[in-house]
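Here is a friendly briefing to read alongside the predicted model.

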Amino acid sequence: MPIAIAVTSPDLVLPPPDGQTPDAAVFQPPEAQPLDTAVTQAAILLDQCGYVVTLYPDSLPGPYVRRLHMIRSVLESDRLALLPVALPPLAVGVLARQLRQLSVSDLSPGVLASAARLLAHYIYAGAQLASVARLDRVDVGLATHLGSLLPGARFAVLVNPVPRLSRINGDEAPEGPGFGTRLTVARGKALRGDDWVVDTLAPHWRVQGVQETALPAESGRWWGTHRAVEFAAAIPDPSVLYQLVSSVRREECHWCGLELIGDRCGFCAGPLPRAAGGHALDPPARHRLAPAGG
């Protein structure tokens with residue numbers, strides 16, 4: 001059985017690009033499921049798959065996060081990884097899909113869990129917004145804030161890998177990835193000119209395809225508005241993802257003994273000793289990737 005990848009909402013389980021990518025498990029919020037039922041289901045999943053890697057947006061409500069940690073505590077299991085991700089919800093779903101693709105490979109559980117931080121560097125995530133009045137993920141200047149109050153205002157917000165905020169003006173688009181990606185798009189409430197992402201951004205970034213899906217429920221909280229077109233451009237090829245992860249030096253967690261890449265274990269959260277700190281995840285520029293459109 002492949003290592004299980006879990007998320008915290010059904011709308012974070014994005015359709016796979018092929019018929020071989022395993023599905024994701026979904027944890028339920030506290031108000032939707034009793035604790036004993038959640039613990040039983042998690043135990044069954046661990047028995048079936050051995051290890052579970054759980055991704056969730058860092059905006060997830062506190063009671064839900066505490067529920068996840070309570071499940072892990074009750075099970076007394078070090079085989080359940082809980083990984084908050086500082087990406088918008090749609091991008092978390094894209095990252096989870098990448099891990100699902102890799103879960104059928106020969107990567108060990110510790111490497112797969114710690115690969116989430118590495119692969120997140122290569123996801124270009126953002127949104128087209130009608131207002132940035134309640135946006136707290138990037139710096140919003142006073143002039144931009146006031147501009148968002150004008151009728152018909154539109155903004156392009158890129159939050160990863162480098163934050164960037166600009167007014168949408170004609171056919172202009174923020175600089176995108178220099179390697180091949182596929183664009184996933186999710187539309188919220190009606191937004192004037194909401195085809196900008198598909199008609200302008202996608203060609204400018206030379207993406208290898210566009211997939212549309214439903215806007216995650218958590219996106220309204222993350223962006224401060226439901227009038228959004230969220231997007232995430234990411235590497236779609238599992239062989240390239242595998243090459244990226246395999247190119248990073250592996251270490252052994254001195255707390256739980258699992259293999260890992262980077263400087264922190266995804267399962268026990270134990271950091272590498274300072275002497276080994278030089279083997280943290282390489283920055284994106286260190287890796288060679290196929291150019292966009294290649």
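Strand β1 (residues 4-7) runs parallel to β3, and 3 bridges join the two. Ala-4 has Val-52 as its bridge partner in β3. These strands belong to an open, parallel sheet of 4 strands in the order β2-β1-β3-β4, and this being a predicted model, every value below is computed from its atoms.

**The parallel sheet**

- Helix α2 (residues 62-75) lies across β3 and β4, at about 160 degrees to β4.
- Helix α4 packs on the sheet as well, touching β1, β3 and β4, and its direction makes about 0 degrees with that of β4.

**Strand β3 from both sides**

- How many of the 6 residues of strand β3 (residues 52-57) are buried? The count is 6 of the 6, so the strand is largely enclosed by the rest of the structure.
- In a regular strand, side chains alternate between the two faces of the sheet.
- Both faces of β3 are covered, with Val-52, Thr-54 and Tyr-56 buried on one side and Val-53, Leu-55 and Pro-57 buried on the other.

**The mixed sheet**

- Another open sheet has 6 strands in the order β7-β6-β5-β10-β8-β9, with mixed pairing.
- β7 (164-167) and β9 (210-214) stand at its edges with a single partner strand each, so one side of each lacks a neighbour in the sheet.
- From one strand to the next, the twist averages 20 degrees.
- Strand β5 (residues 124-129) and strand β10 (residues 228-234) run antiparallel and are joined by 6 bridges; within this pair, Gly-126 has Phe-231 as its bridge partner.
- Helix α3 (residues 89-102) lies across β5, β8 (182-187), β9 and β10, running at about 30 degrees to β10.
- Helix α6 (residues 196-205) lies across β5, β6 (155-160), β8, β9 and β10, and runs at about 165 degrees to β8.

**Cores and burial**

- Which residues have the most contacts inside the largest nonpolar core? They are Leu-55, Leu-95, Ile-123, Leu-183, Trp-205 and Val-245, in a core of 76 residues.
- Not counting residues up to four places away in sequence, Ile-123 touches residues including Leu-87, Ala-91, Val-94, Leu-95, Asn-160 and Ala-232.
- Another core, of 18 residues, lies apart from the largest one, and among its members are Ala-4, Ala-38, Leu-46 and Val-65.
- In helix α8 (residues 238-246), Leu-241, Leu-244 and Val-245 are buried; seen down the axis of α8, its buried residues fall within an arc of 95 degrees, so they line one face of the helix.
- The cover over the buried residues of α8 includes α3, α4 (109-120) and β12 (259-261).

**A buried proline in a loop**

- Pro-216 lies in the loop between β9 and α7 (219-223), and Pro-216 is buried, with a relative accessible area of 2%.
- The C-alpha atoms of Pro-216 and Pro-89 are separated by 6.4 Å, although the two residues are 127 residues apart along the chain.
- Beyond four places in sequence, Pro-216 touches Asp-11, Leu-12, Pro-89, Leu-90, Ala-186 and Glu-230.

**Cysteines**

- A search of the whole structure finds 0 disulfides.
- Cys-256 is partly exposed, with a relative accessible area of 28%, whereas Cys-265 is buried at 3%.

**Overall figures**

- The protein has 8 helices and 12 strands, and buried residues make up 52% of its 294 residues.
- Of the contacts between residues at least 6 apart in sequence, 75% join residues at least 24 apart.

Definitions and conventions
Residues numbered from 1 in each chain as written. Predicted model: local features only at pLDDT ≥ 70, side-chain atom pairs only at ≥ 80, totals over all residues. Heavy atoms only, no water. Pairing = 2+ DSSP bridges. Axes fitted to C-alpha atoms, helices over the stretch in contact; angles between N-to-C directions. Contact = heavy atoms within 4.5 Å. Core = buried A, V, L, I, M, F, W, Y, C linked by side-chain atoms within 4.5 Å. Buried < 20%, exposed > 50% of the residue type's maximum accessible area, 1.4 Å probe, protein only. Arc of directions from axis to C-beta. Disulfide = S-S within 2.5 Å.
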